[in-house]
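The exercises below are to be worked with the sequence and the model open side by side. Each gives a task, then a solution in steps.

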Amino acid sequence: MSKIFSSPKKLAILILFVAVFGLSVAGGALGAPFGLGFLGAPIANIELPAEKIFSLGSYEVKNSSLLFWIGGLILTLLAFFGTRKIRSKSPEADVPRGLQNFLEVIVEFFINLGEAAAGGRHGRRFLPLVITIFLVVVMSNWLSVLPGVGTIGWVENAEEFVEHREEAIEADGSRADFKDPDLVVFAGGGNFKWIPFGRTSLDAVPLASLEAGEGGHGVELANPGRLDEDFDEGLLAGINNRDIDLATDAGILVPFLRGPNTDVNTTLAIALVAMITIQIWGFRSLGFRGYGGKFFNIKQGPIFFFVGILELIGELARTISFTFRLFGNMFAGEVLLVAMAFIFPLIGIIPFIGLELFVGLIQAFIFAMLTLVFGVMATIGHSEEEH
Amino acid sequence: MEAIGINLPGLVTQLVSFLILFLILSKVLYGPISRALDDRSNRIRESLEAADQARQDAASSAERVEQEIVAARTQGQQLIAEARDAAGRLRVSEEARVRTDLESLRERAAQDVRRERDAAIEEIRAEFANLAVDAAERVIGRSLDAQAHREIIEGVLEEGLAKDRRN
């Protein structure tokens with residue numbers, strides 16, 4: 001401690017750090033109750049389902065898919081350029097450097113892991129899928145930590161929001177269980193708007209506060225630009241004082257890019273591929289009777305039959321746990337980053353970005369590792385285990 | 001299901017995207033790299049084995065060379081020793097031969113000298129006897145019976161010679 005005070009450079013850094021921390025606490029969410037919320041932004045509207053970015057005919061491109069494709073493109077390019085010397089059989093390929101070396105380290109790491117898990121070269125056949133899962137998941141997770149992901153997007157005003165919801169409900173045929181979001185009043189105008197610094201009572205304009213009309217599903221707006229006069233006098237006064245046109249200035253941010261693994265479709269897709277492939281490995285190495293006998297065991301009495309049924313349920317549960325472990329972690333990470341940016345606007349997010357990078361790597365490794373282990377387990381017969 | 005965002009188009013999109021990526025990465029990333037790694041480790045193992053073999057070969061040939069050197073050295077020493085032996089034997093026999101030669105030469109020379117001396121003595125005696133007879137004839141003035149006198153003189157000379165030899 002005394003060392004820090006003796007060096008003026010370190011002391012200056014320390015003072016700066018403390019000042020920034022104090023400023024962020026005072027200006028952020030913690031300062032808002034005391035009238036000091038000059039830095040904070042309204043907490044973002046967090047949607048569980050991925051949002052639509054644009055439509056190709058009747059196909060809707062989701063923001064999570066977009067980032068997934070970007071990640072896939074990056075991986076493809078890395079793989080393409082990293083293995084170019086190997087594929088062209090260049091003699092330089094034997095002295096790996098740079099990107100090729102990096103990719104070789106990853107592949108070799110998993111080769112060693114696979115051979116250790118399965119005992120010898122037999123473990124090789126799991127590896128293409130395991131490595132793909134690892135790379136895809138880690139790339140998706142890390143991309144979603146980038147600044148701009150989840151924070152840059154369309155502004156959807158109240159009218160458009162309600163319209164989209166109408167479409168979704170009609171397409172679904174049922175009343176979807178959406179919660180009503182709070183609209184945010186944006187600054188700027190035309191095609192370029194942003195969320196202003198500082199938090200006021202106008203940060204959150206509840207959708208329900210807009211004048212309701214006679215909609216078929218109870219969500220039609222009579223006049224999206226006007227507040228329901230009976231809803232909240234304070235809010236009404238604030239809107240009128242600042243001369244805000246709710247029809248154009250208030251809305252919801254729909255980010256262009258969203259972490260692929262914060263969309264449950266992505267994690268479910270990967271989990272399905274993993275579990276189906278594991279079943280194929282199982283059938284291939286134990287045969288139809290051998291592998292099926294794990295689940296439908298009628299030879300050894302009722303207890304083993306019951307155990308077999310449990311195994312079957314376990315197999316299904318694995319798919320679900322695969323899906324929601326990754327989804328839960330990454331979605332929670334996104335929420336954490338949003339919340340920290342809300343609470344400590346200047347510096348609060350920095351350690352958590354580090355944490356998210358770590359979690360992203362660990363989750364990718366867990367997903368890949370579990371695929372490998374389940375694959376190895378599926379290819380080992382029960383009779384072998386007992387010996 | 002809808003509330004957490006699971007929907008068929010989204011799921012199919014991500015499924016297809018993931019499978020395409022899986023194919024691409026297996027073909028472009030895993031395949032080439034694992035093959036390259038295997039090739040490389042095989043090649044390294046082979047060259048290590050070759051190096052080991054070469055080292056063993058080198059060691060055994062060095063040993064063989066060493067043995068040959070040792071063998072050659074002992075053989076050379078043996079040859080030198082034999083040559084020295086032979087030389088020694090030769091010298092001894094030559095010395096002996098030379099000595100006997102010298103001995104016989106000296107012997108012969110001594111014999112020759114003795115024979116020459118005897119012949120000379122004989123000649124001188126004969127000459128001396130004649131001379132003595134001649135001298136006696138001249139002294140006494142008359143001819144003596146040459147035969148009888150020669151016998152007397154011979155007898156005297158014999159005595160004289162015997163006396164000489166005894167001395």
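**Exercise 1. A threonine of chain B**

Is B:Thr13 buried or exposed?

Solution. The model is a predicted one. Step 1: the relative accessible area of B:Thr13 is 9%. Step 2: buried means under 20%, so B:Thr13 is buried. Step 3: B:Thr13 belongs to helix H1 of chain B. Step 4: with neighbours within four places in sequence left aside, B:Thr13 is in contact with A:Tyr59, A:Ser65 and A:Trp69.

**Exercise 2. The interface**

State how many residues each chain gives to the contact between chain A and chain B, and how much area is buried.

Solution. Step 1: chain A contributes 46 residues to the contact and chain B contributes 30 residues. Step 2: the size of an interface is often expressed as the accessible area lost when the parts come together. Step 3: between chain A and chain B, that buried area is about 3,500 Å². Carbon and sulfur atoms give 72% of it. Step 4: on the side of chain A, the residues that lose the most area to chain B are A:Asp94, A:Thr132 and A:Asn265. Together they make up 15% of what that side buries. Step 5: for the complex, the predictor gives an ipTM of 0.80 and a pTM of 0.72.

**Exercise 3. Aromatic pairs**

How many aromatic pairs does the whole structure hold over all chains? Describe two pairs by geometry and accessibility.

Solution. Step 1: the search finds 13 aromatic pairs. Step 2: A:Phe80 and A:Phe81 form one that is edge-to-face, at 5.3 Å centre to centre and 85° between the planes. Step 3: A:Phe80 has 38% relative accessibility and counts as partly exposed. A:Phe81, at 43%, also counts as partly exposed.

Step 1: for A:Phe110 and A:Phe134, the ring centres are 5.0 Å apart and the planes stand at 55°, so this pair is tilted. Step 5: the pair links distant parts of the chain, 24 residues apart. A:Phe110 is in helix H5 (residues 98–118) and A:Phe134 in helix H6 (residues 127–143) of chain A. Step 6: A:Phe110 and A:Phe134 are both buried. Step 7: ring pairs join A:Phe109, A:Phe110, A:Phe134 and A:Phe365 into a cluster.

Step 2: a ring can also face a charge. The charged end of A:Arg318 sits over the ring of A:Phe374, 3.9 Å from its centre.

**Exercise 4. Chain A as a whole, and its confidence**

Solution. Step 1: chain A has 13 helices and 10 strands. Of its 387 residues, 42% count as buried. Step 2: among contacts between residues at least 6 apart in sequence, 68% join residues at least 24 apart. Step 3: the average pLDDT of chain A is 78, and 74% of the residues score at least 70. In chain B the mean is 86, with 93% of residues reaching 70 or more. Step 4: within chain A, confidence is lowest in helix H13 (residues 382–386), with a mean of 49, and highest in H6(A), at 91. Step 5: residues 213–219 of chain A stay under 50 in pLDDT. For this stretch the model has 13 contacts beyond four places in sequence.

Definitions and conventions. Residues numbered from 1 in each chain as written. Chains lettered and ligands numbered in written order. Predicted model: local features only at pLDDT ≥ 70, side-chain atom pairs only at ≥ 80, totals over all residues. Heavy atoms only, no water. Helix = DSSP H or I, 4+ residues; strand = E, 2+ residues; numbered from the N terminus. Buried < 20%, exposed > 50% of the residue type's maximum accessible area, 1.4 Å probe, protein only. Contact = heavy atoms within 4.5 Å. Phe/Tyr/Trp six-rings, centres within 6.5 Å; stacked < 30°, edge-to-face > 60°. Lys NZ or Arg CZ within 6 Å of the ring centre and 35° of its normal. pLDDT = per-residue confidence, 0-100. Buried area = accessible area lost by both parts, 1.4 Å probe.
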